[in-house]
Amino acid sequence: MKKLLRNKANFEILEGFISELLMQDVKIQNILESESNKQTLNDKHNRVDLLTETGNGELVLIELQVEGQYDYFHRMVYGTSKLITDNMDTGFNYDKVRKVISINIVYFDLGHGEDYVYKGITDFRGIHKNDLLNLTTTQKKKFINLAQVSDIFPEYYLLKVNGFNDIATSSLDEWIYFLKNSEIKSEFKAKGLNKAAVELDVM
């Protein structure tokens with residue numbers, strides 16, 4: 001799976017997977033170096049399976065994890081935080097902070113929940129009135145690509161592959177079936193899967 005997604009010769013497979021997950025067309029600009037350097041002796045390497053840059057400058061971090069890790073949620077936070085700081089120049093303005101999308105494909109039971117696909121965003125709600133904190137009119141004019149405050153913060157996707165029941169009712173389900181079974185059914189129509197099927201036969 002990692003080899004398929006890393007195919008630099010053709011981004012069609014990777015673009016298809018991310019597009020189906022995010023429910024919008026995504027164009028991959030580049031596959032980036034996926035291991036950040038240590039800044040100090042006690043710092044941790046930020047080893048990720050795949051780091052890409054989209055056409056609109058967003059950083060997409062993809063992790064495939066097979067063995068269970070009790071602190072995996074913490075690892076997700078660390079990965080996005082370090083990715084943001086490592087991609088900033090000295091003397092930057094804070095409005096240059098880049099959007100990070102963290103996609104985590106896990107083959108073990110992580111957390112307690114009934115679904116197999118989870119999305120996490122950062123919202124700010126009033127503790128008294130439960131109202132959602134929005135951007136001001138001035139901020140919306142200055143940052144035309146932002147619709148809401150959560151668009152600034154990292155976005156997390158968690159795919160608990162083993163929790164999928166193998167019944168594909170959507171294009172995303174077709175991808176999850178592939179991630180779980182390394183098999184693509186002839187009737188599947190999700191973006192990128194036709195190309196993935198060809199590459200899978202070659203491999």
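Biologist: What volume does the largest pocket have?

Modeller: This is a predicted model, so the figure is a computed one. Rolling a probe the size of a water molecule over the atoms shows where empty space is left. For the largest pocket, the volume comes to about 1,100 Å³.

Biologist: Which element gives the largest share of the lining of the largest pocket?

Modeller: The lining is made up of 42 residues, and E58, K99, N145, L146 and D151 lie nearest the centre of the pocket. The elements that give two or more residues to this lining are α2 (12-22), β7 (117-120), α4 (137-142), β8 (155-160) and α5 (171-181). The largest share, 4 residues, comes from α2.

Biologist: How many residues in the lining of the largest pocket are nonpolar?

Modeller: Sorted by class, the lining of the largest pocket holds 12 polar and 12 charged residues. The remaining class, nonpolar, has 18.

Biologist: Is N87 buried, partly exposed or exposed?

Modeller: N87 sits in the loop between α3 (72-86) and β6 (100-106), and, leaving aside neighbours within four places in sequence, N87 is in contact with L59 and R98. Its relative accessible area is 28%. Because buried requires under 20% and exposed over 50%, N87 counts as partly exposed.

Biologist: Where in the chain is confidence lowest?

Modeller: The chain averages a pLDDT of 89, and 92% of the residues score at least 70. Confidence is highest in β7, at 98. Where pLDDT is low, the predicted coordinates should not be read in detail. The lowest confidence, a mean of 49, falls in strand β3 (residues 46-47).

Methods:
Residues numbered from 1 in each chain as written. Predicted model: local features only at pLDDT ≥ 70, side-chain atom pairs only at ≥ 80, totals over all residues. Heavy atoms only, no water. 1 Å grid on protein atoms, 1.4 Å probe; cavity = no way out; pocket = protein on both sides within 12 Å on 5 of 7 lines; lining within 4 Å. Points joined across faces, edges and corners; volume = space filled by probe spheres on them. Nonpolar A, V, L, I, M, F, W, Y, C, P; charged D, E, K, R; others polar. Buried < 20%, exposed > 50% of the residue type's maximum accessible area, 1.4 Å probe, protein only. Contact = heavy atoms within 4.5 Å. pLDDT = per-residue confidence, 0-100.
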